[in-house]
Amino acid sequence: MHLILFFLFAGFCLAGAINLLLQTHPINSALSLIVVMTSLAVLYLLLGAEFLAIAQIIVYSGAVMVLFTFVVMLLNAGREERTLGSRAATRIGFPAVVALFAVLATIFLHAQGLGAAHLGEGLSSAPGQSNLTLLSQILFHELLLPFEVTSVLILIAILGAVAIAHVEGSKMSSSERVAEK
Amino acid sequence: MTIFAFFLWSLAKVAVVTVVMLMGIAYTVLLERKLVGRIQNRWGPSRVGPFGLLQPLVDGAKSFLKEDLIPTAVYRPIYLLAPIISLGCALIAIAVVPFGANLGPHGVDLFQISNINVGLLVILGITSIGVYGIALAGWSSNNKYSLLGSLRSSAQLISYELALGLSLVGVVLRAGSLNLRVIVEQQATLGAATWNILGGGQIVAFFIYLMAAFAETNRSPFDLPEAESELTGGYHTEYSSMKFAMFFMAEYGNMINVGCVATLLFLGGWTSPLGDLMGPFQSNFLNAFLPLFWFVGKVFLFLCLYVWVRGTLPRFRYDQLMNFGWRFLLPLAILNIVGTSLWLAYR
(Lines give C-alpha, C1' and ligand atoms only; values in the text may rest on other atoms or scores of the structure.)
Protein backbone atom coordinates (compact mmCIF):
# COMPACT_ATOMS: atom_id res chain seq x y z
CA MET A 1 0.00 0.00 0.00
CA HIS A 2 2.70 2.46 1.03
CA LEU A 3 4.83 1.40 -1.91
CA ILE A 4 1.99 2.00 -4.36
CA LEU A 5 1.38 5.46 -2.90
CA PHE A 6 5.09 6.18 -2.96
CA PHE A 7 5.39 5.38 -6.66
CA LEU A 8 2.21 7.29 -7.44
CA PHE A 9 3.31 10.48 -5.75
CA ALA A 10 6.95 10.16 -6.77
CA GLY A 11 5.58 9.98 -10.31
CA PHE A 12 3.46 13.10 -9.74
CA CYS A 13 6.48 14.86 -8.32
CA LEU A 14 8.73 14.03 -11.26
CA ALA A 15 6.01 14.78 -13.81
CA GLY A 16 5.39 18.14 -12.12
CA ALA A 17 9.10 18.94 -12.12
CA ILE A 18 9.50 18.08 -15.82
CA ASN A 19 6.34 20.00 -16.69
CA LEU A 20 7.71 22.96 -14.73
CA LEU A 21 10.69 23.09 -17.06
CA LEU A 22 8.80 22.45 -20.29
CA GLN A 23 5.95 24.94 -19.88
CA THR A 24 6.43 28.32 -21.48
CA HIS A 25 3.70 30.14 -19.56
CA PRO A 26 4.86 31.25 -16.09
CA ILE A 27 1.55 30.49 -14.40
CA ASN A 28 1.66 26.88 -15.62
CA SER A 29 5.17 26.55 -14.27
CA ALA A 30 4.08 27.96 -10.93
CA LEU A 31 1.18 25.50 -10.76
CA SER A 32 3.52 22.61 -11.59
CA LEU A 33 5.75 23.73 -8.76
CA ILE A 34 2.73 23.51 -6.43
CA VAL A 35 2.17 19.94 -7.60
CA VAL A 36 5.84 19.15 -6.85
CA MET A 37 5.64 20.67 -3.36
CA THR A 38 2.42 18.91 -2.48
CA SER A 39 3.62 15.50 -3.72
CA LEU A 40 6.78 15.99 -1.68
CA ALA A 41 4.55 16.57 1.34
CA VAL A 42 2.83 13.24 0.69
CA LEU A 43 6.21 11.52 0.47
CA TYR A 44 7.17 12.99 3.86
CA LEU A 45 3.87 11.73 5.22
CA LEU A 46 4.62 8.23 3.94
CA LEU A 47 7.94 8.33 5.78
CA GLY A 48 6.10 9.11 9.03
CA ALA A 49 7.00 12.80 9.24
CA GLU A 50 3.47 14.17 9.49
CA PHE A 51 4.40 17.56 10.94
CA LEU A 52 6.99 18.18 8.24
CA ALA A 53 4.43 17.21 5.59
CA ILE A 54 1.82 19.67 6.82
CA ALA A 55 4.42 22.39 7.35
CA GLN A 56 5.52 21.83 3.75
CA ILE A 57 1.96 22.32 2.54
CA ILE A 58 1.25 25.40 4.68
CA VAL A 59 4.57 27.15 4.11
CA TYR A 60 5.53 26.18 0.58
CA SER A 61 2.33 25.23 -1.24
CA GLY A 62 0.22 27.68 0.72
CA ALA A 63 2.29 30.77 1.41
CA VAL A 64 5.35 30.88 -0.84
CA MET A 65 3.62 29.71 -3.99
CA VAL A 66 0.69 32.09 -3.47
CA LEU A 67 3.23 34.92 -3.57
CA PHE A 68 4.74 33.43 -6.74
CA THR A 69 1.37 33.28 -8.48
CA PHE A 70 0.61 36.78 -7.20
CA VAL A 71 3.75 38.15 -8.81
CA VAL A 72 2.99 36.36 -12.06
CA MET A 73 -0.57 37.67 -12.04
CA LEU A 74 0.40 41.26 -11.19
CA LEU A 75 3.29 41.54 -13.61
CA ASN A 76 1.16 39.91 -16.29
CA ALA A 77 4.19 38.03 -17.54
CA GLY A 78 3.64 36.61 -20.98
CA ARG A 79 4.82 33.51 -22.69
CA GLU A 80 8.56 33.15 -22.92
CA GLU A 81 10.23 32.21 -26.15
CA ARG A 82 11.46 28.69 -26.42
CA THR A 83 15.18 28.56 -26.99
CA LEU A 84 17.62 25.71 -27.05
CA GLY A 85 19.62 27.24 -24.24
CA SER A 86 23.21 28.31 -24.33
CA ARG A 87 25.85 25.92 -25.59
CA ALA A 88 27.72 26.09 -22.29
CA ALA A 89 24.63 24.91 -20.44
CA THR A 90 24.23 21.83 -22.62
CA ARG A 91 27.93 20.94 -22.57
CA ILE A 92 28.67 21.51 -18.90
CA GLY A 93 25.23 21.50 -17.31
CA PHE A 94 24.09 17.95 -18.00
CA PRO A 95 27.39 16.24 -17.03
CA ALA A 96 27.54 18.43 -13.91
CA VAL A 97 24.03 17.43 -12.89
CA VAL A 98 24.81 13.73 -13.44
CA ALA A 99 28.04 14.04 -11.45
CA LEU A 100 26.30 15.84 -8.59
CA PHE A 101 23.55 13.23 -8.50
CA ALA A 102 26.14 10.41 -8.47
CA VAL A 103 28.11 12.01 -5.63
CA LEU A 104 24.97 12.61 -3.53
CA ALA A 105 23.71 9.07 -4.17
CA THR A 106 27.04 7.53 -3.13
CA ILE A 107 27.15 9.63 0.02
CA PHE A 108 23.62 8.71 1.04
CA LEU A 109 24.13 5.02 0.25
CA HIS A 110 27.36 4.74 2.23
CA ALA A 111 26.73 7.17 5.02
CA GLN A 112 26.56 5.88 8.56
CA GLY A 113 24.75 7.67 11.32
CA LEU A 114 22.62 9.83 9.08
CA GLY A 115 19.58 8.00 10.36
CA ALA A 116 17.12 6.13 8.22
CA ALA A 117 13.41 6.27 7.63
CA HIS A 118 11.32 3.54 6.08
CA LEU A 119 8.04 3.67 4.27
CA GLY A 120 5.09 3.34 6.58
CA GLU A 121 7.07 3.61 9.81
CA GLY A 122 7.22 6.42 12.32
CA LEU A 123 10.34 8.53 12.67
CA SER A 124 10.56 8.41 16.44
CA SER A 125 12.30 5.55 18.21
CA ALA A 126 9.72 5.43 21.01
CA PRO A 127 6.36 4.24 19.65
CA GLY A 128 3.38 6.45 20.36
CA GLN A 129 5.48 9.59 20.64
CA SER A 130 4.50 12.10 17.99
CA ASN A 131 7.37 13.63 16.07
CA LEU A 132 5.92 17.04 16.90
CA THR A 133 6.98 16.48 20.52
CA LEU A 134 10.42 15.28 19.50
CA LEU A 135 10.88 18.18 17.12
CA SER A 136 9.94 20.77 19.73
CA GLN A 137 12.22 19.10 22.28
CA ILE A 138 15.15 19.42 19.89
CA LEU A 139 14.28 22.90 18.63
CA PHE A 140 13.51 24.53 21.96
CA HIS A 141 15.94 22.70 24.25
CA GLU A 142 19.00 21.48 22.43
CA LEU A 143 19.13 23.91 19.52
CA LEU A 144 17.52 26.93 21.18
CA LEU A 145 20.34 29.39 20.45
CA PRO A 146 20.73 28.56 16.72
CA PHE A 147 16.94 28.68 16.39
CA GLU A 148 16.69 32.13 17.93
CA VAL A 149 19.67 33.42 15.94
CA THR A 150 18.00 32.23 12.74
CA SER A 151 14.80 34.04 13.63
CA VAL A 152 16.78 37.24 14.23
CA LEU A 153 18.35 36.74 10.80
CA ILE A 154 14.90 36.53 9.21
CA LEU A 155 13.82 39.63 11.12
CA ILE A 156 16.81 41.52 9.73
CA ALA A 157 15.83 40.39 6.24
CA ILE A 158 12.31 41.75 6.78
CA LEU A 159 13.68 45.08 8.05
CA GLY A 160 15.96 45.24 5.02
CA ALA A 161 13.04 44.66 2.68
CA VAL A 162 11.04 47.41 4.39
CA ALA A 163 13.99 49.80 4.17
CA ILE A 164 14.40 49.11 0.44
CA ALA A 165 10.68 49.41 -0.26
CA HIS A 166 10.41 52.66 1.69
CA VAL A 167 10.83 55.46 -0.83
CA GLU A 168 12.22 58.67 0.63
CA GLY A 169 9.70 61.50 0.78
CA SER A 170 6.92 59.42 -0.71
CA LYS A 171 3.41 60.72 -0.31
CA MET A 172 2.03 57.32 0.51
CA SER A 173 0.13 57.29 3.77
CA SER A 174 1.11 54.65 6.27
CA SER A 175 -2.15 52.79 5.83
CA GLU A 176 -1.52 52.39 2.12
CA ARG A 177 1.91 51.00 2.87
CA VAL A 178 0.36 48.45 5.19
CA ALA A 179 -2.19 47.63 2.55
CA GLU A 180 0.57 46.85 0.10
CA LYS A 181 1.94 44.12 2.27
CA MET B 1 -9.29 -4.87 11.69
CA THR B 2 -7.96 -5.87 8.32
CA ILE B 3 -6.93 -3.26 5.83
CA PHE B 4 -9.86 -4.26 3.62
CA ALA B 5 -12.42 -3.65 6.38
CA PHE B 6 -10.69 -0.35 7.19
CA PHE B 7 -10.93 0.66 3.55
CA LEU B 8 -14.64 -0.19 3.37
CA TRP B 9 -15.42 1.65 6.64
CA SER B 10 -13.52 4.72 5.46
CA LEU B 11 -15.33 4.69 2.13
CA ALA B 12 -18.71 4.48 3.87
CA LYS B 13 -17.81 7.32 6.24
CA VAL B 14 -16.57 9.50 3.39
CA ALA B 15 -19.79 8.90 1.46
CA VAL B 16 -22.04 9.70 4.42
CA VAL B 17 -20.08 12.78 5.50
CA THR B 18 -19.92 14.17 1.96
CA VAL B 19 -23.67 13.78 1.46
CA VAL B 20 -24.40 15.36 4.87
CA MET B 21 -21.97 18.18 4.12
CA LEU B 22 -23.56 18.93 0.73
CA MET B 23 -27.03 18.93 2.28
CA GLY B 24 -25.68 21.14 5.05
CA ILE B 25 -24.35 23.59 2.48
CA ALA B 26 -27.68 23.65 0.63
CA TYR B 27 -29.64 24.29 3.80
CA THR B 28 -27.17 26.87 5.12
CA VAL B 29 -28.06 28.90 2.04
CA LEU B 30 -31.75 28.55 2.91
CA LEU B 31 -31.04 29.45 6.55
CA GLU B 32 -29.24 32.56 5.43
CA ARG B 33 -31.99 33.64 3.04
CA LYS B 34 -34.67 33.02 5.65
CA LEU B 35 -32.86 34.79 8.49
CA VAL B 36 -31.72 37.76 6.43
CA GLY B 37 -35.29 37.97 5.16
CA ARG B 38 -36.66 38.19 8.68
CA ILE B 39 -33.99 40.75 9.65
CA GLN B 40 -35.11 42.88 6.70
CA ASN B 41 -38.77 42.40 7.58
CA ARG B 42 -39.74 40.09 4.71
CA TRP B 43 -40.38 36.36 4.46
CA GLY B 44 -37.50 35.01 2.41
CA PRO B 45 -38.17 31.96 0.21
CA SER B 46 -41.61 30.60 1.06
CA ARG B 47 -43.14 29.20 -2.15
CA VAL B 48 -41.38 25.89 -2.82
CA GLY B 49 -42.48 23.31 -0.28
CA PRO B 50 -43.61 24.06 3.28
CA PHE B 51 -41.79 27.22 4.56
CA GLY B 52 -39.68 27.11 1.39
CA LEU B 53 -37.91 23.98 2.60
CA LEU B 54 -37.48 22.55 -0.90
CA GLN B 55 -35.93 25.77 -2.24
CA PRO B 56 -32.26 24.50 -2.11
CA LEU B 57 -33.12 21.45 -4.23
CA VAL B 58 -34.86 23.60 -6.83
CA ASP B 59 -31.92 26.02 -6.84
CA GLY B 60 -29.53 23.12 -7.39
CA ALA B 61 -31.59 21.82 -10.31
CA LYS B 62 -31.70 25.33 -11.75
CA SER B 63 -27.90 25.71 -11.70
CA PHE B 64 -27.51 22.31 -13.37
CA LEU B 65 -29.93 23.16 -16.16
CA LYS B 66 -28.60 26.65 -16.92
CA GLU B 67 -26.54 27.19 -20.01
CA ASP B 68 -22.84 26.81 -19.30
CA LEU B 69 -21.11 29.80 -20.88
CA ILE B 70 -17.34 29.98 -21.28
CA PRO B 71 -16.13 33.36 -22.53
CA THR B 72 -13.75 33.15 -25.50
CA ALA B 73 -10.82 35.03 -24.01
CA VAL B 74 -10.41 32.98 -20.84
CA TYR B 75 -7.37 30.82 -20.17
CA ARG B 76 -9.28 27.57 -20.41
CA PRO B 77 -7.43 24.91 -18.35
CA ILE B 78 -7.08 27.15 -15.32
CA TYR B 79 -10.54 28.64 -15.76
CA LEU B 80 -11.97 25.11 -15.49
CA LEU B 81 -9.63 24.06 -12.68
CA ALA B 82 -10.33 26.99 -10.33
CA PRO B 83 -13.87 26.09 -9.17
CA ILE B 84 -12.77 22.49 -8.62
CA ILE B 85 -9.92 23.63 -6.35
CA SER B 86 -12.28 25.89 -4.41
CA LEU B 87 -15.01 23.34 -3.80
CA GLY B 88 -12.54 20.48 -3.31
CA CYS B 89 -10.71 22.27 -0.51
CA ALA B 90 -13.98 23.24 1.15
CA LEU B 91 -15.15 19.62 1.16
CA ILE B 92 -11.84 17.96 2.11
CA ALA B 93 -11.30 19.94 5.32
CA ILE B 94 -14.24 18.21 7.02
CA ALA B 95 -12.33 14.89 6.86
CA VAL B 96 -10.40 15.51 10.07
CA VAL B 97 -13.28 16.98 12.08
CA PRO B 98 -14.55 14.73 14.89
CA PHE B 99 -18.34 14.95 15.30
CA GLY B 100 -18.83 12.83 18.38
CA ALA B 101 -17.20 10.67 21.03
CA ASN B 102 -15.24 7.66 19.85
CA LEU B 103 -17.48 4.81 21.01
CA GLY B 104 -17.56 2.73 17.86
CA PRO B 105 -17.45 -1.07 17.97
CA HIS B 106 -14.32 -3.01 16.97
CA GLY B 107 -12.08 0.03 16.96
CA VAL B 108 -14.10 1.80 14.28
CA ASP B 109 -14.27 5.53 14.85
CA LEU B 110 -17.84 6.22 13.73
CA PHE B 111 -17.81 10.00 14.06
CA GLN B 112 -14.59 10.99 12.37
CA ILE B 113 -13.17 10.07 9.00
CA SER B 114 -9.55 10.14 10.08
CA ASN B 115 -7.97 10.92 13.41
CA ILE B 116 -4.67 12.61 12.60
CA ASN B 117 -2.41 13.90 15.33
CA VAL B 118 -1.81 17.15 13.43
CA GLY B 119 -5.50 17.52 12.56
CA LEU B 120 -5.70 21.25 13.26
CA LEU B 121 -2.76 21.96 10.96
CA VAL B 122 -4.35 19.85 8.23
CA ILE B 123 -7.42 22.10 8.29
CA LEU B 124 -5.24 25.23 8.13
CA GLY B 125 -3.17 23.73 5.32
CA ILE B 126 -6.21 22.87 3.21
CA THR B 127 -7.64 26.36 3.77
CA SER B 128 -4.36 27.87 2.58
CA ILE B 129 -4.56 25.79 -0.62
CA GLY B 130 -8.13 27.02 -1.16
CA VAL B 131 -6.78 30.51 -1.91
CA TYR B 132 -5.63 29.25 -5.31
CA GLY B 133 -9.18 28.60 -6.42
CA ILE B 134 -10.05 32.28 -5.98
CA ALA B 135 -6.75 33.71 -7.22
CA LEU B 136 -6.70 31.59 -10.36
CA ALA B 137 -10.39 32.14 -11.11
CA GLY B 138 -9.90 35.89 -11.24
CA TRP B 139 -6.71 35.72 -13.24
CA SER B 140 -7.87 33.20 -15.83
CA SER B 141 -11.18 34.99 -16.45
CA ASN B 142 -9.30 37.74 -18.31
CA ASN B 143 -11.58 40.42 -16.92
CA LYS B 144 -10.41 43.42 -14.91
CA TYR B 145 -13.20 43.20 -12.36
CA SER B 146 -12.52 39.52 -11.79
CA LEU B 147 -8.81 40.18 -11.40
CA LEU B 148 -9.41 43.04 -8.95
CA GLY B 149 -11.79 40.88 -6.96
CA SER B 150 -9.42 37.96 -6.80
CA LEU B 151 -6.46 40.16 -5.85
CA ARG B 152 -8.46 41.74 -3.05
CA SER B 153 -9.62 38.35 -1.93
CA SER B 154 -6.20 36.71 -1.94
CA ALA B 155 -4.60 39.65 -0.15
CA GLN B 156 -7.35 39.51 2.45
CA LEU B 157 -7.02 35.75 2.90
CA ILE B 158 -3.25 35.90 3.29
CA SER B 159 -3.43 38.79 5.78
CA TYR B 160 -6.12 37.29 7.97
CA GLU B 161 -4.69 33.77 7.85
CA LEU B 162 -1.92 35.02 10.14
CA ALA B 163 -4.28 36.37 12.77
CA LEU B 164 -6.43 33.25 12.46
CA GLY B 165 -3.50 30.87 12.92
CA LEU B 166 -2.07 32.86 15.83
CA SER B 167 -5.43 33.02 17.60
CA LEU B 168 -5.49 29.22 17.71
CA VAL B 169 -2.04 28.96 19.30
CA GLY B 170 -3.40 29.75 22.77
CA VAL B 171 -5.79 26.80 22.57
CA VAL B 172 -3.03 24.51 21.33
CA LEU B 173 -0.78 25.64 24.18
CA ARG B 174 -3.48 24.74 26.70
CA ALA B 175 -4.17 21.34 25.18
CA GLY B 176 -0.54 20.51 24.41
CA SER B 177 -1.60 18.79 21.23
CA LEU B 178 -2.75 19.46 17.69
CA ASN B 179 -5.07 16.46 17.72
CA LEU B 180 -8.64 17.73 17.57
CA ARG B 181 -9.97 14.94 19.81
CA VAL B 182 -7.40 15.71 22.51
CA ILE B 183 -8.25 19.42 22.30
CA VAL B 184 -11.96 18.68 22.81
CA GLU B 185 -11.45 16.14 25.59
CA GLN B 186 -9.24 18.60 27.46
CA GLN B 187 -12.24 20.98 27.68
CA ALA B 188 -14.79 18.33 28.58
CA THR B 189 -14.46 17.88 32.34
CA LEU B 190 -16.84 20.49 33.78
CA GLY B 191 -18.97 21.28 30.76
CA ALA B 192 -19.32 24.90 29.73
CA ALA B 193 -17.19 26.04 32.69
CA THR B 194 -14.09 24.41 31.21
CA TRP B 195 -14.68 25.31 27.60
CA ASN B 196 -11.79 27.29 26.21
CA ILE B 197 -14.00 30.34 25.64
CA LEU B 198 -15.00 30.58 29.33
CA GLY B 199 -12.90 28.62 31.83
CA GLY B 200 -9.94 28.41 29.50
CA GLY B 201 -9.66 32.19 29.35
CA GLN B 202 -9.41 32.17 25.57
CA ILE B 203 -12.29 34.58 25.01
CA VAL B 204 -10.02 37.15 23.37
CA ALA B 205 -8.67 34.44 21.09
CA PHE B 206 -12.24 33.47 20.25
CA PHE B 207 -13.11 36.99 19.12
CA ILE B 208 -9.91 37.26 17.07
CA TYR B 209 -10.78 33.92 15.50
CA LEU B 210 -14.34 35.02 14.85
CA MET B 211 -13.31 38.18 13.01
CA ALA B 212 -10.50 36.48 11.09
CA ALA B 213 -12.93 33.73 10.14
CA PHE B 214 -15.42 36.22 8.71
CA ALA B 215 -12.59 37.62 6.60
CA GLU B 216 -11.32 34.17 5.61
CA THR B 217 -14.69 33.13 4.26
CA ASN B 218 -15.19 36.45 2.41
CA ARG B 219 -18.31 37.19 4.39
CA SER B 220 -19.65 40.58 5.34
CA PRO B 221 -18.47 42.87 6.88
CA PHE B 222 -15.35 41.71 4.99
CA ASP B 223 -17.01 40.81 1.68
CA LEU B 224 -14.93 43.23 -0.38
CA PRO B 225 -13.99 40.62 -3.01
CA GLU B 226 -17.63 40.46 -4.04
CA ALA B 227 -18.54 44.10 -3.48
CA GLU B 228 -21.33 44.31 -6.04
CA SER B 229 -21.40 48.08 -6.27
CA GLU B 230 -17.73 48.28 -7.23
CA LEU B 231 -16.79 44.99 -8.85
CA THR B 232 -20.04 43.65 -10.36
CA GLY B 233 -19.40 40.20 -8.90
CA GLY B 234 -15.75 39.81 -7.99
CA TYR B 235 -13.69 36.78 -8.92
CA HIS B 236 -16.65 34.74 -10.20
CA THR B 237 -18.06 37.39 -12.56
CA GLU B 238 -17.30 35.30 -15.66
CA TYR B 239 -18.60 32.03 -14.26
CA SER B 240 -22.07 30.75 -14.93
CA SER B 241 -24.21 27.72 -14.27
CA MET B 242 -22.70 24.91 -12.18
CA LYS B 243 -19.23 26.47 -12.12
CA PHE B 244 -20.63 29.51 -10.36
CA ALA B 245 -22.59 27.21 -8.06
CA MET B 246 -19.33 25.48 -7.14
CA PHE B 247 -17.84 28.76 -5.90
CA PHE B 248 -21.06 29.48 -4.08
CA MET B 249 -21.02 26.05 -2.43
CA ALA B 250 -17.34 26.46 -1.55
CA GLU B 251 -18.15 29.68 0.31
CA TYR B 252 -20.87 28.06 2.37
CA GLY B 253 -18.77 24.91 2.86
CA ASN B 254 -16.00 27.08 4.27
CA MET B 255 -18.53 28.71 6.60
CA ILE B 256 -19.43 25.28 7.95
CA ASN B 257 -15.75 24.32 8.30
CA VAL B 258 -15.00 27.49 10.20
CA GLY B 259 -18.01 26.83 12.43
CA CYS B 260 -16.76 23.29 13.10
CA VAL B 261 -13.29 24.55 14.05
CA ALA B 262 -14.74 27.21 16.36
CA THR B 263 -16.94 24.57 17.99
CA LEU B 264 -14.05 22.14 18.47
CA LEU B 265 -11.51 24.64 19.71
CA PHE B 266 -13.53 27.08 21.77
CA LEU B 267 -16.98 25.64 22.48
CA GLY B 268 -16.13 22.17 23.73
CA GLY B 269 -16.83 20.25 20.54
CA TRP B 270 -19.35 17.46 20.97
CA THR B 271 -19.39 17.61 24.79
CA SER B 272 -22.52 18.74 26.59
CA PRO B 273 -22.53 22.17 28.27
CA LEU B 274 -23.51 20.44 31.51
CA GLY B 275 -20.38 18.32 31.55
CA ASP B 276 -20.45 15.34 33.87
CA LEU B 277 -23.66 16.52 35.57
CA MET B 278 -25.50 14.74 32.80
CA GLY B 279 -23.40 11.60 32.95
CA PRO B 280 -23.34 8.61 30.62
CA PHE B 281 -26.77 7.18 29.90
CA GLN B 282 -27.94 3.59 30.03
CA SER B 283 -28.71 3.42 26.35
CA ASN B 284 -25.77 3.27 23.98
CA PHE B 285 -27.84 5.01 21.35
CA LEU B 286 -28.19 8.15 23.46
CA ASN B 287 -24.51 8.06 24.37
CA ALA B 288 -23.57 7.96 20.72
CA PHE B 289 -26.04 10.46 19.27
CA LEU B 290 -26.48 13.09 21.98
CA PRO B 291 -22.89 14.36 21.35
CA LEU B 292 -23.77 14.59 17.68
CA PHE B 293 -26.76 16.76 18.63
CA TRP B 294 -24.58 19.10 20.71
CA PHE B 295 -22.03 19.38 17.94
CA VAL B 296 -24.56 20.16 15.23
CA GLY B 297 -26.38 22.56 17.56
CA LYS B 298 -23.21 24.55 18.27
CA VAL B 299 -22.28 24.74 14.59
CA PHE B 300 -25.87 25.83 13.83
CA LEU B 301 -25.67 28.65 16.38
CA PHE B 302 -22.36 29.74 14.90
CA LEU B 303 -23.91 29.86 11.42
CA CYS B 304 -26.82 31.92 12.77
CA LEU B 305 -24.29 34.36 14.20
CA TYR B 306 -22.72 34.60 10.74
CA VAL B 307 -26.06 35.47 9.15
CA TRP B 308 -26.93 37.90 11.92
CA VAL B 309 -23.65 39.78 11.39
CA ARG B 310 -24.30 39.86 7.64
CA GLY B 311 -27.74 41.30 8.22
CA THR B 312 -26.52 44.05 10.55
CA LEU B 313 -23.07 45.36 9.65
CA PRO B 314 -22.04 47.46 6.64
CA ARG B 315 -18.97 46.65 4.58
CA PHE B 316 -15.45 47.76 5.58
CA ARG B 317 -13.35 49.98 3.34
CA TYR B 318 -10.25 48.28 1.95
CA ASP B 319 -7.68 50.27 3.96
CA GLN B 320 -9.78 49.80 7.10
CA LEU B 321 -9.74 46.07 6.45
CA MET B 322 -5.96 45.90 6.12
CA ASN B 323 -5.38 48.21 9.10
CA PHE B 324 -7.72 46.18 11.25
CA GLY B 325 -6.00 42.92 10.33
CA TRP B 326 -2.38 43.98 10.61
CA ARG B 327 -2.51 46.69 13.27
CA PHE B 328 -5.17 45.38 15.61
CA LEU B 329 -5.89 41.66 15.27
CA LEU B 330 -2.32 40.49 14.73
CA PRO B 331 -0.74 42.27 17.74
CA LEU B 332 -3.71 41.25 19.87
CA ALA B 333 -3.25 37.60 18.86
CA ILE B 334 0.47 37.79 19.71
CA LEU B 335 -0.36 39.35 23.10
CA ASN B 336 -2.81 36.53 23.69
CA ILE B 337 -0.10 33.95 23.01
CA VAL B 338 2.33 35.68 25.37
CA GLY B 339 -0.34 35.97 28.05
CA THR B 340 -1.42 32.35 27.76
CA SER B 341 2.18 31.10 27.85
CA LEU B 342 2.97 33.18 30.93
CA TRP B 343 -0.16 31.96 32.67
CA LEU B 344 0.63 28.34 31.80
CA ALA B 345 4.25 28.69 32.92
CA TYR B 346 3.58 30.33 36.31
CA ARG B 347 0.35 28.57 37.16
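This is a predicted model: local features need pLDDT of at least 70, side-chain atom pairs count only at pLDDT 80 or more; totals for chains, interfaces and linings use all residues.
Chain B contains 11 helices and zero strands, so that, read from the N terminus, its elements run α-α-α-α-α-α-α-α-α-α-α. Along the principal axes, the C-alpha atoms of chain B occupy a box of roughly 60 × 45 × 45 Å. Among the contacts in chain B with a separation of 6 or more, 78% join residues 24 or more positions apart.

Helix α10 of chain B covers residues 284-312. Its 29 residues, at 1.5 Å a residue, should span 42 Å, and the end C-alpha atoms lie 43 Å apart, which agrees. Within α10(B), the buried residues are Pro291(B), Trp294(B), Phe295(B), Lys298(B), Val299(B), Phe302(B), Leu303(B), Tyr306(B) and Val307(B). In an α-helix there are 3.6 residues a turn, so residues three or four places apart point the same way. The cover over the buried residues of α10(B) includes α1 (3-39) and α9 (241-266) of chain B.

The contact between the chains draws 23 residues from chain B and 21 residues from chain A. On the side of chain B that touches chain A, the elements giving two or more residues are α4 (119-140), α5 (144-175) and α11 (318-345). Of these, α4(B) gives the most, with nine residues. By class, this side of chain B has 16 nonpolar, five polar and two charged residues.

Key. Residues are numbered from 1 along each chain as its sequence is written. Chains are lettered from A and ligands numbered from 1 in the order in which they are written. Two residues are in contact if their C-beta atoms, placed from the backbone, lie within 7 Å. Helices (H or I, at least four residues) and strands (E, at least two) are DSSP runs, numbered from the N terminus. Ala, Val, Leu, Ile, Met, Phe, Trp, Tyr, Cys and Pro count as nonpolar, Asp, Glu, Lys and Arg as charged, and the others, Gly among them, as polar. The expected span of a helix is 1.5 Å times one less than its number of residues. A residue is buried if 20 or more other C-beta atoms lie within 10 Å of its own, exposed if 12 or fewer, and partly exposed in between; C-beta atoms are placed from the backbone.
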